[in-house]
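Work through the exercises below with the model open. Each task is followed by a solution in steps.

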Amino acid sequence: MKYTVFGFSQTKLIEFGLDVSDALLLRYFVDFQESGNMHEEKVNGKTYYWVNYKNIILDIPIIALKKDSIYRRFVKMTKLGILEHATIKCKGTYSYYKLGTNYINLIYSMNEDPSPLGYKSNLGDEINPDPLEYESQPGDEMNPYPLEYESQPGDEMNPYPLGYESQPGDEMNPYPLGDESQSLKDKNPEQSINLLKDPSTKDSSTKKHIHGDVVDYLNQKCGTSYKSTTQKTQNLINARQKEGFTLEDFYKVIDNKAKDWLKKDMEQYLRPITLFGTNFESYLNQNNRREKEHAGNEKNSGEITESEFGFTV
C-alpha cells in the first residue's frame with residue numbers, strides 16, 4: 001500500500017472518512033497558505049486565510065467539483081477538527097480557514113514504520129518476499145552474474161575502457177572544464193518544484209529588485225508606511241515581475257486604485273497583498289472612462305465582490 005497521498009497518511013485519511021478529493025483540496029489550501037500570497041485576517045488573535053471556492057474550480061479543474069460541493073468538503077474537514085473556520089462579513093460574506101488541531105494526525109505517521117508494532121520480517125512475506133532459506137545463486141535474478149564473475153573494463157558492470165579517466169564534458173563528467181560543483185537544485189531547478197505550490201513564491205531570477213521603488217511610491221501616493229523588506233510583499237512583486245510586468249506597470253496600478261479607493265470605504269485595501277495579487281493585470285488595464293462615469297455611484301464603487309481579491313495559486 002502507498003502510505004501517503006498528497007503528503008498525507010492514507011491510513012489516517014481513511015480513518016477520518018476523507019477521500020482523494022478531500023486530500024487534494026487540503027493540499028491546495030496548505031500549499032497556498034505557505035506561499036505567502038493568500039489573503040489573511042486576524043480573528044480573536046488567530047490568523048485565518050480566505051478560501052475562494054470559485055478560484056479553486058479554476059485552479060484545479062481536474063477535481064471536477066462544483067462550488068457548493070467544495071464548500072461542503074471544507075465544512076466536513078472543519079467538523080473533523082482538521083481545519084478551523086471563521087466567517088467574516090465586510091460588504092459581503094467570506095469564508096476563512098486555518099489548520100485545526102487534528103491536522104497533525106494526517107502528517108504525523110508519514111515517518112512512522114509502516115509495519116505493526118513488534119512486527120518482525122519473515123521470509124516469504126511482503127517485506128521479505130524471498131522463500132525460507134533462500135540463498136542468492138550466481139546467474140539468478142538476485143545475482144545475475146556468473147559464479148566468480150569479476151568486473152572487466154568495458155563490460156556492462158564497468159563500461160569504461162581500461163585506464164579511462166573522467167574528462168570535463170564527457171558522460172561521466174558532463175560539466176565543462178572550470179565548472180564548479182553545484183547542487184541538483186541549481187543544476188536542474190525544476191526538480192525542486194512542488195506540483196501544487198505556487199512557483200512565484202521564490203524568485204531566483206537576475207531581474208532588478210524593484211521592491212523599494214514600488215513600496216516607496218505606494219507609501220507616497222497613499223500615505224501608508226509599508227516596508228519593502230517584508231517577505232510577502234517581495235514575493236508578490238517578484239511574481240508579477242516573472243509575468244513580465246515592469247516598474248511602470250506597478251506605478252500605474254497604484255495610481256489607478258488610489259484614484260478609485262483613496263478617502264473612500266475601499267481605502268483599507270490600498271495595500272500590497274491586494275494591489276499586487278493576481279488581479280494586478282485587471283487593475284492595470286481597467287477602463288478609466290467607464291469608471292469615471294460610475295464614480296458618482298458610491299454603492300457600486302465601494303462594493304467588494306468575492307472575486308475582488310482573486311488570489312489564486
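Buried means under 20% relative accessible area, exposed over 50%, and partly exposed in between (1.4 Å probe, protein chains only). The model is predicted, so local features need pLDDT of at least 70, side-chain atom pairs count only at pLDDT 80 or more, and totals for chains, interfaces and linings use all residues. Residues are numbered from 1 along each chain as its sequence is written, and side-chain values use heavy atoms, with hydrogens and water left out.

**Exercise 1.** Classify Asp260 as buried or exposed, and find the side chain that its own side chain contacts.

Solution. Step 1: locate Asp260 in helix α9 (helices are DSSP runs of H or I, at least four residues, numbered from the N terminus). Step 2: its relative accessible area is 16%, so Asp260 is buried. Step 3: the side chain of Asp260 makes a polar contact with that of Gln286 at 3.1 Å. Such a contact is a pair of N or O atoms within 3.5 Å; within protein, one must be able to donate a hydrogen and the other to accept it, and residues adjacent in sequence count only if both atoms are side-chain atoms.

**Exercise 2.** Describe the aromatic pair of Tyr28 and Phe32.

Solution. Step 1: rings of Phe, Tyr and Trp (its six-membered ring) pair if their centres lie within 6.5 Å; planes under 30 degrees apart are stacked, over 60 edge-to-face, the rest tilted. Step 2: the whole structure holds 12 aromatic pairs. Step 3: Tyr28 and Phe32 are 5.8 Å apart centre to centre with 75° between the planes, hence edge-to-face. Step 4: both residues lie in helix α2 (residues 20-35), 4 residues apart, and both are buried.

How values were computed: Helix = DSSP H or I, 4+ residues; strand = E, 2+ residues; numbered from the N terminus.
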